[in-house]
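Trainee: I am new to this structure. Could we go through it in short questions and answers?

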Amino acid sequence: MMITGNLYDILAHGFEDRLDRPAFIEPGGRETSYGALAESAARTAAWLISHEGVEPGDRVALLVDKSVESVILYLATLMAGAVFVPVNPVYTPAEIAYFVENAEPRLLIEDGRAFVERAAAMPPLARTVARTADDLAAIIYTSGTTGRSKGAMLTHGNLAANARVLHALWGFTPDDVLLHALPIFHVHGLFVALHCAMLSGAPMLWLAKYDDAQVLAMLPRATVMMGVPTFYTRLLARPEFGRAQTGHMRLFISGSAPLLASTHAVFEVRTGHRILERYGMSEAVIITSNPLRGERVAGSVGYPLPGVELRIAEPDDQDTGVIQIRGPSVFGGYWRMPEKTKEEFTADGWFVTGDVGRCDGDGRVWISGRAKDLIISGGYNVYPKEVELVLDDLPGITESAVVGVPHPDFGEAVVAVILGDAPEADVIAAARATLAPYKIPKRVVTLDELPRNAMGKVQKNVLRQELAGLFGAVVR
Ligand code: AMP
């Protein structure tokens, strides 16, 4: 096969010797081989071009349910030289209308299964449409907790570079079997997981969504699992989970949200495995990773990937500041938002991630939170993560989330939301032993559950909204 800069060709080169092997194994027993996947993608690509008039550079938007057909449509879009725009199907019609207006796709596919079925009678596209590394492959709308969601433009080169590095770094081989329980409207499930498996032609145990019982049943057949931290906490909540299911696993990877050090520790005790934590975002796919061989440190997201440069802007006296990056997987900008793009790149071309963190003497990266989550109380800067780490260690607290809430005297007050069973006065007293006075929560609120998005991220904006009146009406 001739390899062009088209990401599809690069992925297909990884599985071309394994066309008769399964790509997807579903719990009901359905299997789809790599050969069937490639053929179906080529037929669908032919349909996109000849029946829908898709031309290179056109956007193809899909309401992405977790199905093999959604993957076929992703690959077909790449083959046709078009730009894939995955849309989370839980979005409301008004939200979807915004994506359509912004991305101006040639078509919005609402039912991927029916679409792929219709294309099944097409003769397969003979040759992938040539693309260069700089051509767009996908637009990923950021989860956008504030303001309008922005479309991060990722090129064939961005995605191929990241896929190749991760495939090597995490030691993927054709003998691997990846347990895939992530959604695929997001970079984690769509790019990180799929590309690593495809580059080795490795089978995926394909779950429509995360489900404890299905994961427990499938794990004994897997060698690698990728997940968000809540997958791991939910597994640990099942008393039967342990070495019986994980004995022959090679690797557990976590990302998209911070993994608590306590989860890391308990997981090791129960299974003997140290979860490998990595850090990434829609705008750059994966940025740092703990090592496959070598120490995986709980609480750190590891080292910048080969080829990624990382620096801390304007570090404070604890060497902490906003993380900036540069490298082959960093996106080119936000679709049709040149002003936003300009705001988030420095004059010398580094992308401002918006994450706050530091690099230790060993080069490992530690994340303290998002710049916009920074609390300024009485003129002092408080990084929520520092307070959360102290609270998480207190007896009776399972997890905490610290936010700034409007306060008549302090501007913002530090407020802790906790899961567990710990009296407010005790928490505040215990925090005093470790934290400077201005970092001590003014109030501690106990909830049964933290609000989280589909990727397991705690939605601090929701907490801030709910707690806004805690200190009475604030006149600004
Ligand atoms: P998204 O673009 O939806 O993937 O969100 C990216 C954001 O998720 C990053 O900017 C980080 O704030 C957060 N994130 C991803 N991985 C981690 C991690 N391992 N630890 C802490 N935060 C993370």
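This is a predicted model: local features need pLDDT of at least 70, side-chain atom pairs count only at pLDDT 80 or more; totals for chains, interfaces and linings use all residues.

Trainee: What span does helix α2 reach from its first C-alpha to its last?
Mentor: Helix α2 covers residues 34–50, which makes 17 residues. At 1.5 Å a residue, the expected span is 24 Å. The model comes close to that, and α2 reaches 24 Å.

Trainee: How many residues of α2 are buried?
Mentor: Buried means under 20% relative accessible area. Among the residues of α2 that pass this test are Y34, L37, A41 and W47. The helix is largely enclosed by the rest of the structure, because its buried residues number 12 of the 17.

Trainee: How many charged residues are in the contact of α2 with α3?
Mentor: On the α2 side, the contact includes L37, S40, A41 and T44. On the α3 side, it includes V71, I72, L75 and M79. The contact divides into 11 nonpolar residues, three polar and no charged.

Trainee: Is the crossing of α3 and α5 left-handed or right-handed?
Mentor: Helix α3 spans residues 68–79, and helix α5 spans residues 112–119. Their axes come within 8 Å and cross at roughly 65°. By contrast with α2 and α3, where the crossing is right-handed, the crossing of α3 and α5 is left-handed.

Trainee: Which residues in α5 meet α3?
Mentor: The contact of the two helices holds four nonpolar residues, one polar and two charged. From α3 come E69, I72 and L73. In α5, they meet G112, R113, F115 and V116.

Trainee: How far apart are the axes of α9 and α11?
Mentor: Helix α9 runs over residues 229–236 and helix α11 over residues 261–271. They pack at an angle of about 45°. That makes α9 oblique to α11. The distance between their axes is 10 Å.

Trainee: How many nonpolar residues does the contact of α9 with α11 have?
Mentor: Y232, T233, L235 and L236 in α9 meet T263, V266, F267 and R270 in α11. Two of these residues are polar and one is charged. The nonpolar residues number five.

Trainee: How many residues of α13 are buried?
Mentor: Helix α13 covers residues 384–392 and is mostly covered. Among its buried residues are P384, V387 and L391. K385, E388 and D392 are buried as well.

Trainee: Is H167 buried or exposed?
Mentor: H167 sits in helix α6, residues 156–169. Beyond its sequence neighbours up to four places away, H167 touches F172, C196, L199 and S200. Its relative accessible area is 17%. The cut-off is under 20%, so H167 is buried.

Trainee: How far apart in space are M249 and T271?
Mentor: M249 lies in the loop between α10 and β11. At 5% relative accessibility, M249 is buried. In sequence, M249 and T271 are 22 residues apart. In space, C-alpha to C-alpha, the distance is 9.7 Å.

Trainee: What is the relative accessible area of T142?
Mentor: T142 is in the loop between β6 and β7. Leaving aside neighbours within four places in sequence, its contacts are S149, K150, S282, E283 and Y334. T142 is buried, and its relative accessible area is 10%.

Trainee: What is the phi of V285?
Mentor: V285 is found in strand β13, residues 285–289. It counts as buried, at 3% relative accessibility. V285 is not a glycine, although its phi is positive. The value is about 55°.

Trainee: Is D319 buried or partly exposed?
Mentor: D319 belongs to the loop between β15 and β16. Its phi is near 65°, a positive value in a residue other than glycine. Buried would need under 20%, and exposed over 50%. At 49% relative accessibility, D319 is partly exposed.

Technical notes: Residues are numbered from 1 along each chain as its sequence is written. Side-chain values use heavy atoms; hydrogens and water are left out. Axes are lines fitted to C-alpha atoms, for helices over the stretch in contact, and angles run from 0 to 180 degrees between N-to-C directions. Helices (H or I, at least four residues) and strands (E, at least two) are DSSP runs, numbered from the N terminus. A crossing is left-handed if the near helix is turned anticlockwise from the far one by less than a right angle, and right-handed if clockwise. Contact means heavy atoms within 4.5 Å. Ala, Val, Leu, Ile, Met, Phe, Trp, Tyr, Cys and Pro count as nonpolar, Asp, Glu, Lys and Arg as charged, and the others, Gly among them, as polar. Buried means under 20% relative accessible area, exposed over 50%, partly exposed in between (1.4 Å probe, protein chains only). The expected span of a helix is 1.5 Å times one less than its number of residues. Angles under 35 degrees count as roughly parallel, over 145 as roughly antiparallel, 65 to 115 as roughly perpendicular and the rest as oblique.
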